[in-house]
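Please consult the sequence and the structure shown here while reading.

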Amino acid sequence: MARDNPPPLALITGGTSGIGYAIAEKFAQIGYELIITGRDQERGQAKAHFLTSTFDIHCEFVALSNTDWTRYDTFIPLVRSRPLKVVVASAAIGLQAHLIDTPREEFDKLVQTNVVAPLYLVQTLASHFHAPASVILVSSDASIEGEQELGAYSVTKSALNMMGRMLALDLAPKGIRVNVVCPGDTLPGMRYLLRPGEVERSPDDHLTWPVPPRGRLGKAADTAELVAFLVSDRADFIVGSVMLVDGGSRAGRPDPRAKVQTLQN
Ligand SMILES: NC(=O)c1ccc[n+]([C@@H]2O[C@H](COP(=O)([O-])OP(=O)(O)OC[C@H]3O[C@@H](n4cnc5c(N)ncnc54)[C@H](OP(=O)(O)O)[C@@H]3O)[C@@H](O)[C@H]2O)c1
């Protein structure tokens, strides 16, 4: 039997791990039904089962690669009869390489996964939202100040920021607010921030990350809190914003004479 007021529905790509998962958990806590995506079937089903049983909501996992956009229509029957209120595009990959050295096939993969996929997702679902609704694009602090060692990744995230602004103009008149969040270095996360040819990331990579002025690295929940605020009615006038959640890392240029603190020292 149909309920009078069915719970709001949120769809989160990359909702099976790291920041995307923290956002899913936050939404589950505040009573959203969920669709989460990722490629790893086992991980996705385990996370969906955990969220469903822990928070007494319904969470469905859809195994889907970001670049398999011919299958994006799969979502339409899943959202058609429910109040789709939020879409979060969090799934992304990285690459540890200077832009000039980035192999073309790797560059294409980054652009397709981090830029083209979120656009096609929002285009596919645009007419299925129940306004007022929100789209959140998960970008990066590297979009604000590029990181040479993550050249192509920085380029894709910067493009994503502008995409968020353009979509905000297109969708705001329909009652759909689009905003972009830019996490700083966050643990755990970025399992796919690989060097060209690598298949698994070194678990020690983060030891050389500079510690932000706030005195700690980011937690996935830091970004999830911002996202929960941005999709709420309290953020009704926030449209097309690009917001850092980075502990001050990109606030300005630190004194070059000061020793940079890392987790190693
Ligand atoms: N963690 C950080 O330090 C940091 C900093 C700045 C920005 N960000 C941004 O935050 C977002 C989330 O990153 P994270 O740290 O949470 O990463 P993560 O832990 O590696 O999670 C990535 C998620 O995306 C999915 N995914 C990856 N590639 C995919 C693809 N090609 N198709 C479909 N799903 C894919 C993964 O699922 P499967 O494994 O099943 O494919 C997983 O659910 C990304 O947009 C990232 O750029 C992260």
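A residue is taken to be near a molecule or strand if its C-beta atom, placed from the backbone, lies within 6 Å of it. Of the 28 residues around the ligand, those that come nearest are Gly14, Gly18, Gly38, Ala92 and Gly189. The model is predicted: local features need pLDDT of at least 70, side-chain atom pairs count only at pLDDT 80 or more, and totals for chains, interfaces and linings use all residues. Residue numbers start from 1 along each chain as its sequence is written.

**Confidence**
- The chain has a mean pLDDT (the predictor's confidence in each residue, from 0 to 100) of 94, and 98% of its residues reach 70 or more.
- Among the elements of the chain, the highest mean pLDDT, 99, belongs to strand 7 (residues 176-183), and the lowest, 85, to strand 9 (residues 193-194).
- Helices (H or I, at least four residues) and strands (E, at least two) are DSSP runs, numbered from the N terminus.

**Ligand shell**
- Helix 1 (residues 18-29) gives the most to the shell around the ligand, contributing three residues.
- The shell residues comprise eight nonpolar, 14 polar and six charged.
- Here Ala, Val, Leu, Ile, Met, Phe, Trp, Tyr, Cys and Pro count as nonpolar, Asp, Glu, Lys and Arg as charged, and the others, Gly among them, as polar.

- An open sheet is formed by seven strands in the order 3-2-1-4-6-7-11, with parallel pairing; two strands pair if DSSP finds at least two bridges between them.
- Strand 3 (59-63) and strand 11 (242-245) are the edge strands, each pairing on one side only.
- Strand 2 (residues 33-38) pairs with strand 3 in the parallel sense over five bridges.
- Gly38 stands opposite Ala63 in strand 3.
- Helix 4 (residues 104-125) packs on the sheet and touches strand 1 (9-13), strand 4 (84-89) and strand 6 (129-138); contact requires C-beta atoms, placed from the backbone, within 7 Å.
- The direction of helix 4 makes about 170° with that of strand 4; axes are lines fitted to C-alpha atoms, for helices over the stretch in contact, and angles run from 0 to 180 degrees between N-to-C directions.

**Ile36**
- Ile36 lies in strand 2.
- Ile36 counts as buried because it has 29 C-beta neighbours inside 10 Å; the cut-offs within 10 Å are 20 or more other C-beta atoms for buried, 12 or fewer for exposed, and partly exposed in between, with C-beta atoms placed from the backbone.
- Not counting residues up to four places away in sequence, Ile36 touches residues including Ile12, Ala24, Cys59 and Phe61.

How values were computed: Two residues are in contact if their C-beta atoms, placed from the backbone, lie within 7 Å.
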